[in-house]
Amino acid sequence: MRNHLHSAALCKILMFSNSCVFQGWIPKIVKKKACTTFLEDPLSNGDLCQCGGERALHGSVATGDYFGSAVVSKWDSAVHTSEYPTDAFGELEFAGARRRHSHFLRLSCDTPASLVYTLMTVHWGLPAPNLVVSVVGGVGKEKVKSWVRDVLRQGLVRAAQSTGAWIMTGGMREGVGRCVGEAVRDHVAAASSISQSKVVALGVAPWGMVANRKQLINEQGSFPARYYVQNISEDSYYLDNNYQAFLLVDDGSIGRRGGETNFITHLEDHISHQRTGIWGSGNIEIPVLCMLISGEASVLKRVDMSLKTATPWLVLDGSGPAADMITELLSDLSPTSSPGDGEGRDSSGAEQRERVKEIVKKHFPTEKALDKLVDQAVSIYQNRSLITVFHGDQDGPDDFDTVILKALVRACKQVSSDASEYTEELKLAVAWNRVDIAKSELFNGDIQWQYEDLEDLMTDALVNNKPQFVRLFTENGLNILQYLTYKRLESLYQSLPDSTLVYTLLQKWLKERDNLAASHHSSPDSADGNCKKSPKVSPHAKGLSLYEVSRLLEEIFGGVCQPFYYTVLGLELGVSTRKAAKYVNKLQQGDGAYGEKPCAYPWASLFIWAVLQNRREMALYFWEMTGESVLSALSACKILRELSKLENETENKFSLKDLAQKFEEQAHDVFSACYQSSENRSFTLLIRTSPVWGGVTSLQMAVAADARLFFSHDGVQTLLSKIWWGDMSSRTEVWKLVISFLLPPLIYTNLITFRSGILISSFILLGWSKTDTPKHPFILHRWRQFWFAPVTSFLGNVLMYFLFLFLFAYVLLIEFKPPPPVGPATVEFVLYFWIFTLVCEEIRQSFFTGSTGFSQSMRLYIQDMWNKFDLTAISLFCLGLICRLFPWSYEFGRSVLCVDYMVFTLRLIHIFAINKQLGPKIIIVGKMVKDVFFFLFFLGVWLMAYGVANQALLYSYDPRPYWVFRRVFYRPYLHIYGQIPLDEIDGVGEKPCTNNVTLIHEGAEPCPQSEANWLVLILLSVYLLVTNVLLLNLLIAMFSYTFSKVQEHSDVHWKFQRYNLIVEYHSRPCLAPPFIIISHLHLFIKRNIRKVPSVKIKHFMLELRGRMANRLNTWEAVQKENLLSTQSKKVRDSDTERLKRTSAKVDNVLKQMAEIRDHDRRLRMLESEMEFCSSSLLWIMEGLAQSNLIKQTRPPPLHRDAVPTSPSSPS
């Protein structure tokens, strides 16, 4: 109970005090210990207390308690100490060591372990471990053996890095603790930045043993405390600078060990009850393993205490006394069956105890408390199932992680009676992310895994980003259709790390739903006509749901597809945000029946989940498993590029863009494989609507994702060309089109070649079947073939637009009459009507194109740059028309119409997009305009600086604002082009001027001053040098860079912008303005009176269902598999992979050679022993032969050499 209270209190304080500037809350929670009773040490002549401290360090109360000192003969930390606020905490800076600061804390040995663990993980920021290895023994001046150093360096630290472990030692520069520190240091120097954070070295040392501990004392905390270390080359009691954190356990004693034992045991026990993974989302509790190296007799107490808390131990045989004793204890004493009577049981126990006593006495001959050590050894032997022995002479350090795994699995079997060995081993492998161990030991075909065995482990692998295990589980018995329900999908989104961008965005939508529900709570209207009914409950949100995910995806995709998960939640399309939020809150508070339903598209849902988190490897795997590969890759590209715009951190932004480019390349490669396999099927692949991705097509998603590389593919361009030309041959010359346009009867001749068969833009794109195609007479059919082609519509619009510009210019230059009643002229009324038809067409494009809502249609319309041109031109024309009708604003209206003509003329640039040479130039011009704005900013700075100085020096007084403005900005701008008024600068101008202030006020021209003309000339020279040389060359350089950058990918840019032009003219009526009004009237009658549904409203969209959709998906999946197989083969054949395989083979050969050398060494030892035995037997035989003890009945045996016979030799 005390531990829980301390953890809760610490968490509250950490919310407000998580800074290094003020941490006064630490002494209020963490305590130290001080001796309060002076018990004289008989070996110190009365100068020292039994705690190890001097008499002067004890207070008057402690030294004055004579009665207590007389009664008690032995010092006890629990009785003779008191707790005070700690005075040593903060960060530790080792003098002369170039590394990050280490955390340290002096704490009482009775401090709750839960509080300490929370402080380390929450406040210090140490990553939660997947394994804790507590190294015990090897302290003091004892020399560590060389093979133990190899185990620590090559085995322990490497295993800790691969598993994400904490290594706990004494943390001082002595024995094993120093070896571990050096091994961690070497690992940090060689490993990457990501791997460095996986290994945490934690030192738990007795406060009274630490050298120079006074440097750490500061009641306010040390940030940092500068710590000096001496005698670096020798073992000492200084703290090791290779550790990330230090816990300095204080039991009140000085210069004595053992006070930290109970604390370490409790800390290990507490950690072993925490769960691995993000936010404790792992499937197992954190495994804790104690590792015994050497050790003195006092270590047996530590081993016994940990074994009683079911903590497994790994003992290094041959490392030293305590480890060797336990190894011999386990090997010599075999468990015996108990006899039936008690007397037999007692005699067996007595014999066992005597044997234990002999072993203990053999290894610790000088120990006096032999019976206590025997009791501890017997207790250790009784828990032998938790002990694993590592034989250094037989097991190499390379497989040390496997040894640790086996030791923990063995312990798990003993603790849990129903635990499966394979299941526990797999849980540990998942926690450590060791898929190599899982493949070699558990998924080698010998074990039949069931779905129930892998279900929870799959969740662990998903949440903690272990894609290799996800792949392994799905390939070995886990059914994803059974696994992924909507409830589990929600839990995956709820487990997102709070440091990710997607978590922040989802919390924003969740907060919005909470606010809408709270504001709608008091509304009496409980009816919801757009949602399915659910039980009426409290409207407060229960937590993150699929509704927030749907809102996020809707914001990312920008309405290009229908909302996700609306059908599952029971929401209808078009439902208002308030009603949807209210309904979802009710649904969350209800039974949530939808949560148990299996996810309709599990791979696609997991793919979106992984892409939103920017998990590269996992997203690529889910993409491999999901259907509709091209569309899925383009969708991921869209998501990642939108997230990169919202990301603030540069590294994450680059990572998002890089993964987006990767998916665009994958979409390009898969479609390329499909196009090479079947041209017609690949066309269908581009325009079919997807039920998985909200009814969107691949072309629409590619446009939304700005996938220019994908659009540059020949297959996409071939389809666009066929759509552009309709049923006409794509080789038709332009002059033939123009002649046929002007003389329509020529279309019935052989001037233009038409393809036989059904119009591709009507058959493939509009989803007609051959039987659904209406039959028309030849004359009408040929007429439709010509006039309904987008290229004809484009040609007609271009020709009529030139005629419109000619009419507009004619009105402005010749027929622009005065205001009514004199004007306007008849030709001007024709111009008004023409503009009216243009307005009607813009209204049709903005409101009646596509199947999206009003707001979405407007947003898509405004996003187009040329639509902005149209709105500007039409708005200016309306303004000019209104102004020209009144005499007082006639001239202003005429000026507006003149400017409007320029806008309409510039709109003509849009037609260049269809040309392969001129199209990219439009992009170049657009980007250069942006460069000009940057140039004008720098130029404006110099203009103002020079203009103000020039005006002030030449004219001491000029109250006319208009002329001041001209001289400050306009004249310096003309200076750039060479118009320099030298007469004004020299003060010899011929214009009449005056210096009389009164006359100047009346409008006279002030005279320029000549006193400072030398300074004006200097400023002019500097100004011209900067503007004409520096800034203009900078602008030219910017233009050159822009041109080369766009020109390098001009073909890609042109192919991408060509799509928008084709879509626009494909959806336009065949007649051009002003005759387009006829088409508008026809459409109005057809849609609103005859109620004939529109076919072109879903242009470039083909809906496939049933067998045809399945066949197309299967064909696409086959092409993707072939592509992935080819890519995998290329990777395997690359030089990098060959080097890796060669390196692995060399390592395997070196390992086998080491084993051979070891076998050779052991054979030599065996041969030496055999020679010794033979010599001894020979000596015995000779002695017996010379004595009279044995009577010889036959001659002694003779030695015969065994000559091996070759199997190929003749018999």
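# A tour of helices, cores and backbone exceptions

Helix 30 and helix 33 are roughly perpendicular to each other, because angles of 65 to 115 degrees count as such. Select residues 679-687 and 714-725 to see this pair: the axes come within 10 Å and cross at roughly 85°. Show side chains next. From helix 30, E679, F683, L686 and I687 meet G715, V716, T718, L719 and K722 of helix 33.

**The whole chain**

Zoom out. This is a predicted model, and the protein in it has 50 helices and 12 strands. Of its 1211 residues, 47% count as buried. Take the contacts between residues at least 6 apart in sequence: 75% of them join residues at least 24 apart.

In soluble globular proteins, nonpolar side chains tend to be buried together. Here the largest nonpolar core has 160 residues, and L426, F473 and F663 have the most contacts inside it. Colour residues 790-813, which form helix 37; this helix gives the most to the core, with 12 residues. Then centre on L426. Leaving out residues up to four places away in sequence, L426 touches A438, L442, F443, W449, L454, L457, F469 and F473. For the second core, which is separate and has 56 residues, select A160, M172, L289 and L405, which are among its members.

**Helix 46**

Select residues 1013-1048. The 36 residues of helix 46 should span 52 Å at 1.5 Å a residue, and the end C-alpha atoms, 50 Å apart, agree with that. Look along the helix for a bend of about 25° at V1026. V1026 is also one of the buried residues of helix 46, which include N1013, L1020, Y1023, L1031 and V1046.

Go to E268, in helix 10 (residues 261-271). E268 counts as buried because its relative accessibility is 1%, and the cut-off is under 20%. Apart from residues up to four places away in sequence, E268 touches S134, V288, C290, R302, S306 and T311; select R302 along with E268 to view that contact.

Next, select R907, in the loop between helix 41 (890-906) and helix 42 (919-954). Its relative accessibility is 11%, so R907 counts as buried. Neighbours within four places in sequence aside, R907 is in contact with Y801, W866, F869, D870 and E1064.

**Backbone exceptions**

Most residues other than glycine have a negative phi, and most peptide bonds are trans. The remaining stops depart from this pattern.

- Select F223 and P224: the peptide bond from F223 to P224 is cis, with omega near 0°. P224 is in strand 8 (residues 222-227).
- Select P820 and P821, joined by a cis peptide bond with omega about 10°. P821 lies in the loop between helix 37 and helix 38 (826-847).
- Select N212, in the loop between strand 7 (200-206) and strand 8. Its phi is near 55°, a positive value in a residue other than glycine. N212 counts as partly exposed, at 28% relative accessibility.
- Select S294, in the loop between strand 10 (288-292) and helix 11 (299-308). S294 is not a glycine, yet has a positive phi of about 55°. S294 is buried, with a relative accessible area of 2%.

Key: Residues are numbered from 1 along each chain as its sequence is written. This is a predicted model: local features need pLDDT of at least 70, side-chain atom pairs count only at pLDDT 80 or more; totals for chains, interfaces and linings use all residues. Side-chain values use heavy atoms; hydrogens and water are left out. A nonpolar core is a set of buried Ala, Val, Leu, Ile, Met, Phe, Trp, Tyr and Cys residues joined through side-chain atoms within 4.5 Å. Buried means under 20% relative accessible area, exposed over 50%, partly exposed in between (1.4 Å probe, protein chains only). Helices (H or I, at least four residues) and strands (E, at least two) are DSSP runs, numbered from the N terminus. Contact means heavy atoms within 4.5 Å. The expected span of a helix is 1.5 Å times one less than its number of residues. The bend at a residue is the angle between axes fitted to the seven residues ending there and the seven starting there. Axes are lines fitted to C-alpha atoms, for helices over the stretch in contact, and angles run from 0 to 180 degrees between N-to-C directions. Angles under 35 degrees count as roughly parallel, over 145 as roughly antiparallel, 65 to 115 as roughly perpendicular and the rest as oblique.
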